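Take a look at the model below.

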Amino acid sequence: MSNPVQISKEIDARGSFCPGPLMELIRAVKAANVGEVIAVLSGDPGSVKDIPAWVTKAGHKFLGMEDAGGEVKRFIVRKAR
Amino acid sequence: MKRILVLGGGTGGTLIANLLAKKLKNEAQITLVSASSRHLYQPGWLYVPFGWQDPRALSRSLKSLLNKRVQLEIGKVDRLDLPAQAVVLEEGNTLYYDYLVVATGSRVTPEDVPGLAEGAHHFYTEEAAWKLHAVLEEWQGGRIVVGVGGLPHKCPVAPLEFTFLLDEYLTRRGLRDKTEITYTYPINRVFSIESVAEVAEPLLKERGVKIETFFNLESVDPEKKLAISLEGSSLPYDLLVMIPPHRGAQFLEGSPIADAQGWVYTDRTTLQVKDYPNIYALGDTTNLPISKAGSTAHFEAPVIAEHIAAEIQGRAVDLQHASYNGKVTCFLETGYGKASILAFDYDHPPKPPAPSWLYHYEKMAFNKAYWYLVPTGVI
């Protein structure tokens, strides 16, 4: 699936267990500028629930989730504030 | 004679040096480098803030715990010289090795969060635990916020244990009704492992502890007494007990064997350091996705000792001790004389039993027996 938004940073958190991928994403969002788009690759099934929930709670924008091969999913987030 | 250098005098370093000394007799020269001449029993610090443990009883001379064949060098590591297979100490002397074991643990870095050092207490160093005791002694009521200021941190269940013990302590002193306790955690449950969160959350609720999840500490305002999160929430407090963020040893930050936070790239089963087959790491030092706890080092040390000893003795490794499966066992104090126990590995999450008196007494016994059993390699 092609992605129309410009991803400024992609984190590879494959092989990391919960809460690894979420914590990696939180660190990246903290370091990013408002408006930037961050993607995180995770094979941890917990991420499907945890990542969108955190993005909503933190007031950022969850742009979507796409398959990235096997069990791995790519989560795309825009820093909104 | 082969030279084995062990960095770190905590549970992992002391145990591995002793195991190697037993296995190799006079076949290798074993040197342990430690920044301190004391070996600290860090799990005991949990009880210090409540006055239930004298901090002086939580350390011993490192020398007294080491096998006589282990040479002890007191000094702080300045840097690794990987091409020369050497470790340079801050005082300037250089130690060469054929095998290196990195067991330098983790350190708290409150400076990573603005205002944290000035505004919060914790119990993750001997001194901080003692200071928190002084504050709790004077406590007369108000708002206490207990939380986790960064993941990963050592002894993962300790903040939960502290919260349960705090509830007990305040109840015993008749101050619980006058105190509001809030527990914060960075992700959307009270603990990273779901099965543990499922046991802990009802207990927190039962004790009237308020829960604030998805709370990633961004800063502390010591003047306004506010803990502020990355998610945009802020919690007012009269006493803030926040586990500071952690990093690996300073000399590892920026080293080719570690990531930016100083966690060493370690193979999950052989415990060999990535790209350096003669270097091993264990305990808090590693980047492995398992607990940063003495128990982890305890189960990892025999694997490393077997690999190094087999290579020096020119024999095949004993398959029974050749790989680490992520085994960790630790207790979870739940207050009022009860505890649960967590036993797990890479493939099997813990199934904590209902808290009971038995596990609490086991933990108390272990805290005392530690000195005779663990660093020396008896168990």
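Predicted model: local features only at pLDDT ≥ 70, side-chain atom pairs only at ≥ 80, totals over all residues.

On the domain 1 side, 16 residues are in contact with 22 residues of domain 2. The size of an interface is often given as the accessible area lost when the parts come together. Between domain 1 and domain 2 of chain B, about 1,700 Å² is buried. Carbon and sulfur atoms give 72% of that area. Polar links are present as well. Five residue pairs are in polar contact between the two domains, both residues at pLDDT 80 or more. The count of salt bridges between the domains is one. Arg38(B) forms a salt bridge with Glu126(B). The closest N and O atoms of Arg38(B) and Glu126(B) are 2.9 Å apart.

The largest nonpolar core has 103 residues. Those with the most contacts inside this core include Leu25(A) and Trp54(A), as well as Ile4(B), Phe123(B) and Leu166(B). Helix α5 of chain B, residues 158–172, gives the largest share, eight residues. Where does this core lie relative to the two domains of chain B? Both domains give residues to the core, so the core lies between them.

Follow one member, Ile4(B). Beyond its neighbours within four places in sequence, Ile4(B) is in contact with residues including Leu20(B), Leu24(B), Tyr99(B), Ile308(B) and Ile312(B).

A second, separate core has 21 residues. Among them are Leu100(B), Phe251(B), Val264(B) and Val273(B).

How values were computed:
Residues numbered from 1 in each chain as written. Chains lettered and ligands numbered in written order. Heavy atoms only, no water. Core = buried A, V, L, I, M, F, W, Y, C linked by side-chain atoms within 4.5 Å. Buried < 20%, exposed > 50% of the residue type's maximum accessible area, 1.4 Å probe, protein only. Helix = DSSP H or I, 4+ residues; strand = E, 2+ residues; numbered from the N terminus. Domains from an automatic or database assignment. Contact = heavy atoms within 4.5 Å. Buried area = accessible area lost by both parts, 1.4 Å probe. Salt bridge = Lys/Arg side-chain N within 4 Å of Asp/Glu carboxyl O. Polar contact = N/O pair within 3.5 Å; in protein donor to acceptor, adjacent residues only side chain to side chain.
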